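Please have the viewer ready.

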Amino acid sequence: MPPTKKRSSLSEKAKEAISGYLYISPFFILFAIFGLFPILFSFYLGFQKWNGFGEMEYVGFQNFKWILTDPLFWKSLTNTLFMWILGTLPQLLIGIILAYALNSAIIKAKSFFRVSIFMPYVTSTVAVAIVFGIMFNNQDFGLFNIIVGLFGIDPISWGTTEWGVKVAISTMVFWRWVGYNTIIYLAGLQGIPNELYEASTIDGATIRQKIQYITIPMLRPIIILTVFTSTIGALQLFTEPLIFIGRTYREEGITVVLYLYREAFTNLAFGPASAAAIILFVIIIIISSINVFVANRIGR
């Protein structure tokens, strides 16, 4: 009788384990099909010559050599890094300031401002790009040309000039993501004990000192998270430049992802496109590691 009970007990545990794995299996199945397989297949394609229809031909590192000697690739990488600096880094700083203001007792109607500042994130990226494309119109009646005209500056051709395209796309990225980071920082701020601020007020600390010696150190894990995710998102910038500059793929606004998209679906060169994706993957790892290393020392 005792051995029978033991076998029955083990059988129940096995059933519970199988049941648990079945509940979580849809995620892993979908990830394997739409996530893991494309990643592994891209690594395989990086060493092949293939136009998407015929047979594949192994070419070794020729795709990587071709990509690394293509001036347009380096131009796209430079554009991506500049847009990351112009659009992503300011939004992290402004996000902390806005979160600190929304968390203070001075601001009234906080719920309204929190919803308002988060609205750009839930707005369609395509809609954002179209609206900003109209606002950055090259003509005199464009909104931003009217604004710069108030300062005596001639109308700027935002869609064709080197820095005009970068500023326009970076502004879209900043506007869309600053609210998202603000809400994350706000959640982190609400986890900081209020007694720390009360004690610092008694000691005569200024607002700058409170931010420098209390807010920033306590928000360090959140800052590391936002720096990491924002860096990855900025280096994968695609929709905004595609809508803004169109399928002309002009050098002023082409990014690395737009570059590999052009190679794959316009030139039907899936090998070089996959090689560019692998190179971008390595660049993201390097830059993200550097950013996390720097952010990890903020507030120490």
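## About the model

This is a predicted model: local features need pLDDT of at least 70, side-chain atom pairs count only at pLDDT 80 or more, and totals for chains, interfaces and linings use all residues. Residues are numbered from 1 along each chain as its sequence is written, and side-chain values use heavy atoms, leaving out hydrogens and water.

## Helix α10

Helix α10 covers residues 220-235, and its 16 residues reach 22 Å from first to last C-alpha, close to the 22 Å expected at 1.5 Å a residue. Helices here are DSSP runs of H or I with at least four residues, numbered from the N terminus; the expected span is 1.5 Å times one less than the number of residues.

Among the buried residues of α10 are Ile 223, Val 227 and Leu 235 (buried means under 20% relative accessible area, with a 1.4 Å probe and protein chains only). The buried residues of α10 pack against α3, α7, α9, α12 and α13.

## Annotated spans

An unreviewed UniProt entry lists "transmembrane region" for residues including 115-136 and 218-238; such annotations may be inferred rather than shown by experiment. Residues 218-238 are 81% helix, with end C-alpha atoms 34 Å apart. For residues 115-136, the end C-alpha atoms lie 26 Å apart and the span is 86% helix.

## Two domains

Domain 1 spans 12-63 and domain 2 spans 64-296, with bounds from an automatic or database domain assignment. Their C-alpha centres lie 30 Å apart.

In the interface, 13 residues of domain 1 are in contact with 13 of domain 2 (heavy atoms within 4.5 Å).

Key: Helices (H or I, at least four residues) and strands (E, at least two) are DSSP runs, numbered from the N terminus. Buried means under 20% relative accessible area, exposed over 50%, partly exposed in between (1.4 Å probe, protein chains only).
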